Amino acid sequence: MVAGTTTERVAPADLATGTRDGLETVRPPAAGRTSGMPGAVYLDGEFFRPEAARVSVFDHGLLYGDGVFEGIRFYRGRVFKLAEHVARMFRSAAGIDLVPPVSAPEMEKLILETAARSGLTDGYLRPLFTRGAGDLGLDPRKARRPSVIIICSTLNAFARGADTGIRVVIAGRRRTPPECLDPNVKSLNYLNNVLAKAEANRRGADDALLLDLDGNVSEATGENFFAVLAGTLVAPPVRTNLPGITRETVIDLARGRVLFEERELRPAGLAAAEEAFLCGTGAEVLPVVAIDGVPVGNGRVGAVTRAIQDAYQELVRTTGTSIPYPEPPGR
Ligand code: PMP
């Protein structure tokens, strides 16, 4: 029996979209993997092994970054905050006038089925809506049908930093302002973030904090930012960054543990921070021990950060939507 299969099972045949089985039935954990990358991919009605999935070179997601996406994790056979991620994905789609060819409940089912077919019990899901294949002009009307892609694989981005903390720099590059491209929309345009990460790489740091155009701390390249100042947990408002689902979770977890305040943070003010951390689905809760080469607090992971980190790890391992793995043969 697979861990966490407590809610109703979804037989592949029940799926609203006509899916064709491109995978052998797999048995968790990863028992069905034959070779290559672990995982499974859903692409416009079919399931593939990760290395076999292909999109059109005319897809406007590739040509123009015209699309939206999500990053979701699953732990011990359960998907964390599935409904919240799918809801944000549909808000992102609405933010770029993209009408998905599936409903939110259908998308949730497809995500769960992709995870089930991966055979993985712990991993990462990357659903995307792209504008779809069009011609070489950028007019979105040329792409007639959005594509639905769901990649299920593993993720190891910041595995080592969770214990010892990471070192960040403040990027010279500013966060794209909402007036140009709303950072609340999780679009396929991540060049702003990618180039800030490249700057962190060049400067020997693990990640970068981006300031907004007013010079306030906005967020990291793929995570939200928190600091502890005079014993209070502080996070910048989300107008200039992504309203992170982990951020919301951290704010919930802070209740009863530590005072929380949402307010603008100037980079100069960070010198007084006792603690700081990043958070995101991929990064989870990631302590920051230095900013621009200056230690945060005593330069070690602080007590508030550790308490939030522990509570987060407990929560992700004990909640979530069960993945409907097929019953192992012989049952
Ligand atoms: N900011 C950015 C720019 C991100 O890409 C992400 C990751 N999706 C986050 C913040 C954190 O969001 P979440 O907690 O929902 O993963």
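Q: Is Gly-65 buried or exposed?
A: In this predicted model, Gly-65 is found in the loop between helix 1 (60–64) and strand 3 (67–69). Its relative accessible area is 12%, and the cut-off for burial is under 20%. Gly-65 is therefore buried.

Q: Which residue lies 124 positions from Gly-65 in sequence and 5.0 Å from it in space, C-alpha to C-alpha?
A: Leaving aside neighbours within four places in sequence, Gly-65 is in contact with His-60, Leu-188 and Asn-189. Of these contacts, the residue 124 positions away in sequence, at a C-alpha to C-alpha separation of 5.0 Å, is Asn-189.

Q: Which element supplies the largest share of the largest nonpolar core?
A: This core has 28 residues, and those with the most contacts inside it include Val-79, Met-107 and Phe-129. Strand 4 (72–75), helix 2 (82–95), helix 3 (104–118), strand 6 (123–130) and strand 7 (147–153) each supply at least two of its residues. The largest share, six residues, comes from helix 3.

Q: Is Cys-279 buried or exposed?
A: Cys-180 has a relative accessibility of 61% and counts as exposed. For Cys-279 the relative accessibility is 1%, and burial requires under 20%. Cys-279 therefore counts as buried.

Q: How many disulfides are counted?
A: A disulfide is a covalent bond between the sulfur atoms of two cysteines. To be counted, a pair of cysteine sulfur atoms must lie within 2.5 Å. By this rule the number of disulfides is zero.

Technical notes. Residues numbered from 1 in each chain as written. Predicted model: local features only at pLDDT ≥ 70, side-chain atom pairs only at ≥ 80, totals over all residues. Heavy atoms only, no water. Core = buried A, V, L, I, M, F, W, Y, C linked by side-chain atoms within 4.5 Å. Buried < 20%, exposed > 50% of the residue type's maximum accessible area, 1.4 Å probe, protein only. Helix = DSSP H or I, 4+ residues; strand = E, 2+ residues; numbered from the N terminus. Contact = heavy atoms within 4.5 Å.
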